[in-house]
Amino acid sequence: PVLDTEDAWVSVEGPVSIVELALEQKRIHYPLVEHQFVLCTVLYAIMRLSLKGVKPLSLFDSKGKNAFFKDLTSIQLLPSGDMDPNVLSIRQQFLLKVVSAAVQTLCSSQKDREVSEEEYFPFEKGKNWPTLAADLAQYLQISEDLVRRHYVCELYSYGMDHLGEE
């Protein structure tokens, strides 16, 4: 990009500006950043919803695991469209666990004390875990409809019929 500067700033001496430093940086490989984002989201869900027995790296194939330890500016081979059915099954089970834990947490907190989801998760206003799981399903090559159907079933099983109908 072309950066226009005023004449008064041209003669200024001192350290290099942050804009110039940013322009000198190598460009990142965006799909690799998305891949890292998926791992961060998975780890955050495991931590926040206290999911037990989940091995986060088991959700990725060998190419995906290797990509985590590479520089973000390097172009890496990422998982292709053809996935091992066992990995897809593990991913599906994980997403269903996230939805179940989110609904269970919400319902138990509302039964204990009539509190809203925003009060129970104060730092996550507007974060809807089942919706996040459905969005994550797209990255993990799992059907969003499957996750949404499980969400509705969970709502009905916890007696939240009014939310299930929506």
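Predicted model: local features only at pLDDT ≥ 70, side-chain atom pairs only at ≥ 80, totals over all residues.
Local features are given at pLDDT of at least 70 and side-chain atom pairs at pLDDT 80 or more, while totals for chains, interfaces and linings use all residues. Residues are numbered from 1 along each chain, and side-chain values use heavy atoms, without hydrogens or water.

Me: How many helices and strands does the protein chain have?
Reply: Helices (H or I, at least four residues) and strands (E, at least two) are DSSP runs, numbered from the N terminus. From that end the elements run α-α-α-α-α-α-α-α-α. The totals are 9 helices and 0 strands.

Me: Which residues of α8 are buried?
Reply: Helix α8 covers residues 144–157. Buried means under 20% relative accessible area, exposed over 50%, and partly exposed in between (1.4 Å probe, protein chains only). Seen down the axis of α8, the buried residues fall within an arc of 140°, so they line one face of the helix; the arc is that of the directions from the helix axis to the C-beta atoms. These residues are Val-147, His-150, Glu-154 and Leu-155.

Me: Which residue caps the N-terminal end of α8?
Reply: A polar contact is a pair of N or O atoms within 3.5 Å; within protein, one must be able to donate a hydrogen and the other to accept it, and residues adjacent in sequence count only if both atoms are side-chain atoms. Here a side-chain oxygen lies 3.3 Å from the backbone nitrogen of Asp-145. The capping residue is Ser-143.

Me: Why does His-35 count as buried?
Reply: His-35 lies in helix α3 (residues 30–48). A polar atom of the His-35 side chain is 2.9 Å from the backbone oxygen of Gly-64. His-35 counts as buried because its relative accessibility is 9%.

Me: Which element gives the most to the lining of the largest cavity?
Reply: On a 1 Å grid over the protein atoms alone, a cavity is a set of points where a 1.4 Å probe fits but cannot get out, and lining residues have an atom within 4 Å of a point. The lining consists of Ala-45, Leu-95, Val-98, Trp-129, Leu-132, Ala-133 and Leu-136. Two or more of these residues come from each of α5 (85–112) and α7 (129–139). With 4 residues, the element that gives the most is α7.

Me: What share of the 166 residues in the protein chain do buried residues make up?
Reply: His-35 is one of the buried residues, and Val-147 of α8 is another. Over the protein chain, the share of buried residues is 31%.

Terms used
Expected span 1.5 Å × (residues − 1). 1 Å grid on protein atoms, 1.4 Å probe; cavity = no way out; pocket = protein on both sides within 12 Å on 5 of 7 lines; lining within 4 Å.
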